[in-house]
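Colleague: I am new to this model and would like to know what stands behind the terms used for it. Please show it to me first.

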2 protein chains.
Amino acid sequence: MTKNTKVNAAILIIGNEILSGRTQDTNTGTLANWLNSIGVKLVEVRVVPDDEKIIIDSLNLLRKKYDYVFTTGGIGPTHDDITAQSVAKAFDKKYEIHKEAFKILESYYKPGEFNEGRQKMVWMPKDAQLILNPTSGAPGFSIENVFCLPGVPSILKSMLGGLKNRIIGGQPVLSNTISLRTVESEIANSLKKVQDKNKDVEIGSYPFFHAGKLGVSIVLRSENQSSIDDCNSQILEFVNEKKIEVVDR
Amino acid sequence: MTKNTKVNAAILIIGNEILSGRTQDTNTGTLANWLNSIGVKLVEVRVVPDDEKIIIDSLNLLRKKYDYVFTTGGIGPTHDDITAQSVAKAFDKKYEIHKEAFKILESYYKPGEFNEGRQKMVWMPKDAQLILNPTSGAPGFSIENVFCLPGVPSILKSMLGGLKNRIIGGQPVLSNTISLRTVESEIANSLKKVQDKNKDVEIGSYPFFHAGKLGVSIVLRSENQSSIDDCNSQILEFVNEKKIEVVDR
């Protein structure tokens, strides 16, 4: 149904706290929007527990299947932070002190504060490239097509800027949204006809309930602006015929 | 590291809107908390696009690997709602009108309103069992160990009550949280020692930033209350020794 962009990615979210319901993941949304903006299509997300074997198996599958893999979580100083050692095993690399990371954290902390707990954060797979952390010092790292980021959303966000030149994206996906004062079942058939005629546009239909009123947002996504425009006109045609109100959302 | 509860589950989130970053998933948290409360351990979440082949492959893998699988999204009336037909193919079942669902929606809508769009929502895999929808009429369905729920969070939530007797859970996982005015690296070593001595408690460490102050929440999870209590005492012991303040969070 959908024409794929050429460059794709997956996210591997590592963390018991998401699976227990304690923490609401927001990193998927952050990464999805950022990947979109640089022309990388997010195709799969997996959430797995802090379990070495599961992390290794998932990562080895995803890194072969997709152009890029982003992991989030598990790179802090405590015993449940096992991402770096798991990634080292997945790549069959030595797990060792990263000299540059050591220097960064040594000068980041006051004398005497760079203790054993903090030193755990400079252990990485051999040959890892650092991803600098402008918020809290401790860097993430990449190895081949895998990029390991922290789980704390504000820190993850602050690290994406430094990654931009290391990801080679394709054509960014453009989008347009039309919001209507209607329900899905009133437009389902007409919308399907438009989708069937416009194979290079992905048409999504999303009901909403906003300010006490029901509506439907139709989202058009394509690499090609003129395809979106054509599709947009065809939708407005049946919308006018059916006397459906177009609304802001 | 972690002792598994006996009954486990996975979630398959079906929806381009999550992968594009347009919509923030909240159903994982809802389902995770609910599964916890009935003694089912959520072990994996996957987010996949509205793509029949990917849905079929993911579902066939997950339903063999876990006791229960919950899908969210893709059961509405529009062309991008392809969950029911994909599940039918995954189980090699006929995709057909479910008579009971037809009756429910026929009487739910006013005469003349049960149009072709709405009728799409009563097509299901043969032998599907309905999951009643107290919010908006259109039922979800289950087949064997797979439970198909809608993507709209408020509707999904309202349908869980009716499911409780159809899921056979194990021992519920109990938890206790200790919040400390400290940073992870100050307690990492002591915490690891407690984890090493208490294999049947899963100890998670989560930094937080709340009301302008940094802290760490330590979460203890186990099926066994006395194991949690023991672990709790051992943590408070090193917390007192280090003169770390215990805080409300």
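Colleague: What is the separation between the centres of domain 1 and domain 2 of chain A?

Modeller: The centres, taken over C-alpha atoms, are 38 Å apart. Domain 1 covers 8–166 and domain 2 covers 174–247 of chain A, with bounds that come from an automatic or database domain assignment. This is a predicted model, in which local features need pLDDT of at least 70, side-chain atom pairs count only at pLDDT 80 or more, and totals for chains, interfaces and linings use all residues. Residues are numbered from 1 along each chain as its sequence is written, while chains are lettered from A and ligands numbered from 1 in the order in which they are written.

Colleague: How do you know what confidence the predictor has in chain A?

Modeller: From pLDDT, the predictor's confidence in each residue, from 0 to 100. Chain A averages 94, and 98% of its residues score at least 70. Residues 1–5 of chain A stay under 50. For the complex, the predictor gives an ipTM of 0.92 and a pTM of 0.93.

Colleague: How many residues of chain A are in contact with chain B?

Modeller: Contact requires C-beta atoms, placed from the backbone, to lie within 7 Å. By that rule 51 residues of chain A are in contact with 51 residues of chain B. H8(A) gives the largest share of this side of chain A, eight residues; helices (H or I, at least four residues) and strands (E, at least two) are DSSP runs, numbered from the N terminus.

Colleague: What joins E2(A) to strand E2 of chain B?

Modeller: Strands pair if DSSP finds at least two bridges between them. Three bridges join E2(A) to E2(B), which run antiparallel. Arg46(A) has Arg46(B) as its bridge partner.

Colleague: Why are E10 and E12 of chain B said to stand at the edges?

Modeller: The open sheet has four strands in the order E10-E11-E9-E12 (chain B), with antiparallel pairing. Strands E10 and E12 of chain B each have a single partner strand, so one side of each is left without a neighbour in the sheet.

Note on methods:
Two residues are in contact if their C-beta atoms, placed from the backbone, lie within 7 Å.
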